[in-house]
Amino acid sequence: NTMKKIEYNFCWKRPYSVYYGAAAAVSGKNWVEDEVSHSVAVREDALSTWVCAYFEKNALKQAITHLRKMLEENPGFLKAELEKTRECGTAFIKFSKTIQFTDKTPTEELISYHAKFYEHLVDYAFYLWKSFYLIEAASELFEKFLEKKLAKKDVPQAIIAYSKPSEKTGVLLMLDFFQKEGSDGKRVEFIEKKFPWIGSADPFDPPLNRKQMLEYAKSFKPMKAGANADFGLENEGGVKTFQEMLFVKDKKDEYRREAFYNASGLMKELSKRLGVSLSELGYLLPSDFEGFKGKKEEKIELMRKIEERKLGCTIEVIEKNFSITGGKNVAAQFIENKNALVNREVKGISCCKGVSRGVARVLLTKNDIREFKAGSILVATTTNAGYLLAMQKAAAFVTDEGGITCHAAIVSRELN
């Protein structure tokens with residue numbers, strides 16, 4: 001049993017479908033192996049729309065070490081890799097726009113699109129992995145850059161002052177528009193026209209409807225202008241590259257959301273053809289459709305797999321072998337993230353100065369986001385554009401992941 005032989009380190013926990021989680025496992029393995037130049041095992045445990053990712057012991061640490069070495073030794077490395085991320089994201093969206101079908105399109109053709117979209121997702125997720133750790137490492141190097149230029153006491157404020165993307169992306173552009181436009185109707189029209197994909201965090205998320213867009217518009221609170229500290233480094237190359245990096249950091253999330261939005265019609269139509277819900281289709285992988293002809297017994301077998309995986313499933317990618325196991329006994333074999341279970345102390349860094357008081361509300365589902373009470377403290381694994389509805393109501397944010405350049409930090413400073 002490979003599960004007993006291989007030791008794993010916990011990486012992250014995300015609200016992904018099994019389809020998205022499987023693509024993340026394959027792409028994560030591809031990226032780490034590209035960094036460390038040897039085979040690495042990857043595992044994911046999935047239950048109730050949450051996926052926990054694990055890499056073979058020390059593999060991720062080795063990959064990050066190699067990435068930092070490349071950053072330090074090659075001045076042009078960061079810019080080149082950021083450009084690759086943008087190119088791959090653009091290609092992902094371009095493919096998603098080629099998905100065309102009608103109610104008369106053969107089911108086999110829809111399944112082919114389903115498989116091709118998965119392949120493109122694996123390709124793009126490679127850069128999601130790489131850019132996430134690249135940006136984390138580059139942020140640390142930027143801090144060292146500032147330490148050489150400024151007095152030590154000024155560095156934290158300088159980081160905050162320069163933590164502004166070179167260009168604003170979806171959420172920040174939306175907040176800017178809401179600040180100028182008071183009509184909820186025009187705000188909804190703006191979302192529909194410019195950012196209809198804002199709620200598409202997974203290929204099996206239905207797009208936001210007008211009612212949900214109106215909730216976004218109504219939840220907006222006016223922003224207060226924050227004080228701008230001037231450290232005289234605005235035109236330094238290191239600052240400009242850092243701000244370009246922050247733009248790509250936000251943009252890479254938009255690439256996937258737009259592609260997911262463009263594929264949502266396909267996933268809805270395929271789920272209808274198979275007689276399953278949209279979320280249930282998210283439990284199936286392209287390999288589950290091999291040889292599928294649409295026969296009744298084939299649909300029954302797909303439903304059996306879905307029901308098994310709802311009870312819990314484990315994905316392992318070892319060497320070139322991909323396996324997925326589901327069923328009531330699988331959850332009992334999940335790897336526990338023991339640190340998360342025993343650590344009851346909240347500690348970290350402050351990304352935005354101030355003091356807030358409120359009831360802490362942990363966000364685990366989309367329902368939690370929709371039902372978030374104004375004035376509460378938002379607590380989450382991480383945040384992204386899909387959290388904006390709750391973020392605008394929150395007195396403060398607390399996240400497991402990120403730093404002073406993360407999404408929550410940038411939005412908190414924008415909302416002041």
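Predicted model: local features only at pLDDT ≥ 70, side-chain atom pairs only at ≥ 80, totals over all residues.
Two strands count as paired if DSSP finds at least two bridges between them.

Five strands make up an open sheet, and their order across it is β1-β3-β2-β4-β5, with antiparallel pairing. The two edges are β1 (8-14) and β5 (321-326), each of which pairs on one side only. If you compare the directions of neighbouring strands here, ignoring which way they run, they are turned by 15° against each other on average. As a reminder, strands of a sheet pair through backbone hydrogen bonds, either parallel or antiparallel.

On one side, β3 (residues 50-56) pairs with β2 (residues 42-47) in the antiparallel sense over six bridges. You can follow this pairing residue by residue: Leu47 has Trp50 of β3 as its bridge partner, and Ala46 is bridged to Val51 of β3. The hairpin that β2 and β3 form has two residues between the strands, and in it Ser48 takes a positive phi near 50°. β3 is also joined to β1 by six bridges, and these two strands run antiparallel as well. There, Arg14 finds its bridge partner in Val51 of β3. How enclosed is β3 by the rest of the structure? Six of its seven residues are buried, so β3 is largely enclosed.

Now let us turn to the helices. Two packed helices are described by the angle between their axes and the distance between the axes. Start with α2 (residues 18-36) and α3 (residues 59-73), whose axes come within 8 Å and cross at roughly 60°. That angle makes α2 oblique to α3, and the crossing is left-handed. On the α2 side the contact uses Trp31, Val32, Glu35 and Val36, which meet Ala59, Leu60, Gln62, Ala63, His66 and Leu67 of α3. Sorted by class, this contact of α2 with α3 has seven nonpolar, two polar and one charged residues.

Helix α2 also packs against α5, at an angle of about 50° and with the axes 8 Å apart. α2 and α5 are therefore oblique to each other, and their crossing is right-handed. From α2 come Tyr19, Tyr20, Ala22, Ala23, Ala24, Val26, Ser27, Gly28, Asn30, Trp31, Asp34 and Glu35; from α5 come His114, Phe117, Tyr118, Leu121, Val122, Ala125, Phe126, Leu128, Trp129, Lys130 and Tyr133. The residues of this contact between α2 and α5 divide into 16 nonpolar, four polar and three charged.

Next, follow α5 to another partner. Helix α4 (residues 77-96) packs with α5 (residues 107-149) at an angle of about 155°, their axes lying 10 Å apart. Are α4 and α5 roughly parallel or roughly antiparallel to each other? Angles over 145 degrees count as roughly antiparallel, and α4 and α5 are therefore roughly antiparallel. α4 passes α5 in a left-handed crossing. Among the residues that make the contact are Phe77, Leu78, Cys88, Phe92 and Phe95 of α4, together with Phe117, Leu121, Tyr124, Tyr127 and Leu134 of α5.

Thr105 sits in the loop between α4 and α5. Buried means under 20% relative accessible area, so Thr105, at 9% relative accessibility, counts as buried. Leaving aside residues up to four places away in sequence, Thr105 touches Leu110 and Arg273. Phe231 lies in the loop between α9 (210-219) and α10 (237-274). With a relative accessibility of 18%, Phe231 counts as buried too. Which residues does Phe231 touch, not counting those up to four places away in sequence? They are Leu150, Asp154, Gln157, Ala158, Ala161 and Tyr162. Phe231 and Lys149 are 82 residues apart in sequence, and their C-alpha atoms are 9.5 Å apart in space.

Note on methods
Residues numbered from 1 in each chain as written. Heavy atoms only, no water. Axes fitted to C-alpha atoms, helices over the stretch in contact; angles between N-to-C directions. Helix = DSSP H or I, 4+ residues; strand = E, 2+ residues; numbered from the N terminus. Parallel < 35°, antiparallel > 145°, perpendicular 65-115°, else oblique. Left-handed = near helix turned anticlockwise from the far one by under 90°. Contact = heavy atoms within 4.5 Å. Buried < 20%, exposed > 50% of the residue type's maximum accessible area, 1.4 Å probe, protein only. Nonpolar A, V, L, I, M, F, W, Y, C, P; charged D, E, K, R; others polar.
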